[in-house]
Amino acid sequence: MPEPEIPDEYLGGYARILGEVAATGRRLTRDELESRRALGREAAEAGFQLRALVGLHLAATRTAWPSADHTDPASTDCVLAAVEQSVDAFAEGFERAQRLTVRREEAARREFIDDLLYGRSDLGRLAERATRFGLRLSRAHAVAVATGPQAYTETDTVPRQVESALLTRFDGRKILLTTKDGRLICIAPGSQPDVLRYFAKQAHAATDGGRVAVGRPHRGPGGVVQSYDEALAALDLADRMNLDDPVLYAADLLVYPVLTRDRQAMADLVRSQLGPLQQARGGAEPLLKTLSVYFDAGCVAAETARRLALSVRALTYRLERVHQLTGSDPSDPMHRYTLQTAVIGARLLDWPAKEL
């Protein structure tokens, strides 16, 4: 489409100023420079392009030039200096207005993201604002959250790198990338899981092995909050459970919230099954870790010993000690489920570091 024609009002006496400069050799006054800046601000707010506005000034210079004594070198130098002053002041006003507009847009975007992820504001109004940022909240969305060795903001290299990769591959998709509390956030339609999988891959690489959690898709403005909370809970769970997976899916971790839904019952189980381990030399932690690794290794003694850097004989001794203290044999299928559930509960409740 052709650029819209720029009204001459944005020149604001430019030709008159050049004529006076050519005649007197003076420089622009403070008021004249401020008027150039004001015209630049108005042109920016009207949506015109700076390149076209500079072109308008140069064309006006050519038109006004014959009225000046262009055969006089001193006059020519004064006029060119006035052109430089005028265009520079105009561009300064234009750029100030643009920076202010960008800051306003950034503030509006940040306010929207905060409202979206914290569930603040009227949901209907939130859905209306979302269309401005490319989201249709009447549909299901899922949220992925990535963490790294440091806190990130939107202007940092890592978020920009991830955003560039996603927009290059999924140009035209309704995706929102941002940062929150030092983490990278990606919100995408729930019907497009490939977007979040790719985000997870790129974020993991860009953050030098950081961890990514993906919430389940949920519908409506409140669905984004729910998916975001699930992703945060998955990251917290991974820390407490010492999970090694670089990418976590909330849908795969639903058993853990179920286990802790009745916190008091889980605390009772941990105390009754694992409490006696505190009588061991060194406390409960070494034997608790042994049980945890034993169950993670599929109850294979040789693999457990390798992971713990123990001999199989030393491992066998530890397991026998667990049996002596708790009355439950880790190698007995009848006892194993109860012990393993108690070990998971201990991780979730951060026992024995915290009293139950």
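**Salt bridges, core and surface of a predicted model**

Good morning. R26 forms a salt bridge with E32, and the closest N and O atoms are 2.9 Å apart. A salt bridge here is a side-chain nitrogen of Lys or Arg within 4 Å of a carboxyl oxygen of Asp or Glu. Before I continue, please note that this is a predicted model, in which local features need pLDDT of at least 70, side-chain atom pairs count only at pLDDT 80 or more, and totals for chains, interfaces and linings use all residues. Residues are numbered from 1 along each chain as its sequence is written, and side-chain values use heavy atoms, with hydrogens and water left out.

Let us stay with R26. R26 also forms a salt bridge with E20, where the closest N and O atoms are 2.6 Å apart. Are these residues buried or exposed? The word buried means under 20% relative accessible area, exposed means over 50%, and partly exposed lies in between, with a 1.4 Å probe and protein chains only. E32 has 10% relative accessibility and therefore counts as buried. R26, at 24%, counts as partly exposed, and E20 is partly exposed with a relative accessible area of 31%.

How many salt bridges does the structure hold? The number is 17. A network of salt bridges links E34, R37, R41, E92 and R96. Another salt bridge joins the side chains of R307 and E303, at 2.8 Å from N to O. Why are these two separated by about one helical turn? Because they are four residues apart in helix α12, residues 301-308. The helices (H or I, at least four residues) and strands (E, at least two) are DSSP runs, numbered from the N terminus. R307 is partly exposed, with a relative accessible area of 44%, and E303, at 22%, also counts as partly exposed.

I turn now to the interior. In soluble globular proteins, nonpolar side chains tend to be buried together. A nonpolar core is defined as a set of buried Ala, Val, Leu, Ile, Met, Phe, Trp, Tyr and Cys residues joined through side-chain atoms within 4.5 Å. The largest such core in this model has 29 residues, of which F112, L116, L135 and I187 touch the most other members. Two or more residues of this core come from each of α4 (73-118), α5 (123-132), β1 (140-147), β3 (183-189), α8 (221-241) and α14 (333-349). Which element gives the largest share? That element is α8, with eight residues.

On the surface, E5, D8, E9, E42 and E45 gather in a patch of negative charge. A patch is made of residues with over 30% relative accessible area and no salt bridge, and like charges are joined within 9 Å. E5 lies in the segment before α1 (14-24); at 75% relative accessibility, E5 counts as exposed.

Finally, I come to the backbone. A cis peptide bond, with omega about 10°, joins W351 and P352; P352 lies in the segment after α14. D181, in the loop between β2 (176-180) and β3, has a positive phi near 55° and is not a glycine. At 53% relative accessibility, D181 counts as exposed. A309 is not a glycine either, yet has a positive phi of about 60°. A309 is found in the loop between α12 and α13 (312-326), and at 71% relative accessibility A309 counts as exposed. Thank you for your attention.

Definitions and conventions: Patches are made of residues with over 30% relative accessible area and no salt bridge: like charges are joined within 9 Å, nonpolar side chains (Val, Leu, Ile, Met, Phe, Trp, Tyr) within 5 Å. Accessible areas come from the Shrake-Rupley method with a 1.4 Å probe; for residues, only the protein chains shown count as cover. Lys and Arg count as positive and Asp and Glu as negative; His and the chain ends are not counted. The place of a charge is taken as NZ of Lys, CZ of Arg, CG of Asp or CD of Glu.
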